[in-house]
Amino acid sequence: SIAKEAGAVKDSFMETHQYSFRQAPWIPQQDLLASGHVRLFVSQLGMVSLQEAVYHGVPILGMPLTYEQGLNSDIVTMKNIGEITYMALHCYSHHPS
């Protein structure tokens with residue numbers, strides 16, 4: 001299944017980059033972005049997350065999953081504040097694959 005494959009990819013990625021990434025059920029996002037220790041913010045590009053990353057000057061790797069997040073990816077591209085990657089399964093029709 002796709003979920004099983006995604007889990008295997010995540011596990012492999014986390015094992016390879018175990019010292020560069022942290023995983024937790026919840027992290028105070030504003031505090032983390034303000035800390036100065038974040039070099040890249042991986043986000044689905046919800047509007048609040050986008051605003052917080054911009055405010056703190058943290059580059060973004062966006063992975064939009066919904067139509068609104070796809071629209072927000074245009075902001076990232078137009079303002080040159082990060083990069084966008086599109087998932088294989090699109091839940092919106094803003095950007096064709």
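Predicted model: local features only at pLDDT ≥ 70, side-chain atom pairs only at ≥ 80, totals over all residues.
**Reading the elements**

Helices (H or I, at least four residues) and strands (E, at least two) are DSSP runs, numbered from the N terminus. Residues are numbered from 1 along each chain as its sequence is written, and side-chain values use heavy atoms, leaving out hydrogens and water.

**The whole chain**

Let's start with the overall plan. The chain has four helices and three strands, and from the N terminus on they run α-α-β-α-β-α-β. Of the 97 residues in the chain, 23% are buried; here buried means under 20% relative accessible area, exposed means over 50%, and partly exposed is in between (1.4 Å probe, protein chains only).

The accessible surface of the chain comes to about 7,300 Å², and 59% of it belongs to carbon and sulfur atoms (areas come from the Shrake-Rupley method with a 1.4 Å probe; for residues, only the protein chains shown count as cover). A contact means heavy atoms within 4.5 Å. Among contacts in the chain between residues at least 6 apart in sequence, 26% join residues at least 24 apart.

**The nonpolar core**

A nonpolar core is a set of buried Ala, Val, Leu, Ile, Met, Phe, Trp, Tyr and Cys residues joined through side-chain atoms within 4.5 Å. The largest one here has 10 residues, among them Leu33, Leu45, Ala53 and Val76. Leaving aside residues up to four places away in sequence, leucine 33 touches Val38, Phe41, Glu52, Ala53, His56 and Val58.

Leucine 45 counts as buried because its relative accessible area is 0%. Its phi is positive, about 75 degrees, although leucine 45 is not a glycine.

**Serine 43 and its neighbours**

Take a look at serine 43, which sits in strand S1 (residues 41-43). Serine 43 is buried, because its relative accessible area is 4%. A polar atom of its side chain lies 2.9 Å from the backbone nitrogen of leucine 45; a polar contact is a pair of N or O atoms within 3.5 Å, where, within protein, one must be able to donate a hydrogen and the other to accept it, and residues adjacent in sequence count only if both atoms are side-chain atoms. Not counting residues up to four places away in sequence, serine 43 touches Ser49, Leu61, Gly62 and Met63.

**Helix H4**

H4 has 13 residues and reaches 19 Å from its first C-alpha to its last, close to the 18 Å expected at 1.5 Å a residue (the expected span is 1.5 Å times one less than the number of residues). Its buried residues are Gln69, Gly70, Asn72, Ser73 and Val76. Seen down the axis of H4, these fall within an arc of 160 degrees, so they line one face of the helix; the arc is that of the directions from the helix axis to the C-beta atoms. They pack against helix H3 (47-56), strand S2 (60-62) and S3. The face turned away from the buried side carries the exposed residues Met78 and Lys79.

**After H4**

Asparagine 80 follows H4, with a positive phi near 55 degrees. Asparagine 80 is exposed, because its relative accessibility is 64%. Isoleucine 81 is found in the loop between helix H4 (67-79) and strand S3 (82-84). At 25% relative accessible area, isoleucine 81 is partly exposed. Isoleucine 81 and alanine 53 are 28 residues apart in sequence and 9.3 Å apart in space, C-alpha to C-alpha.
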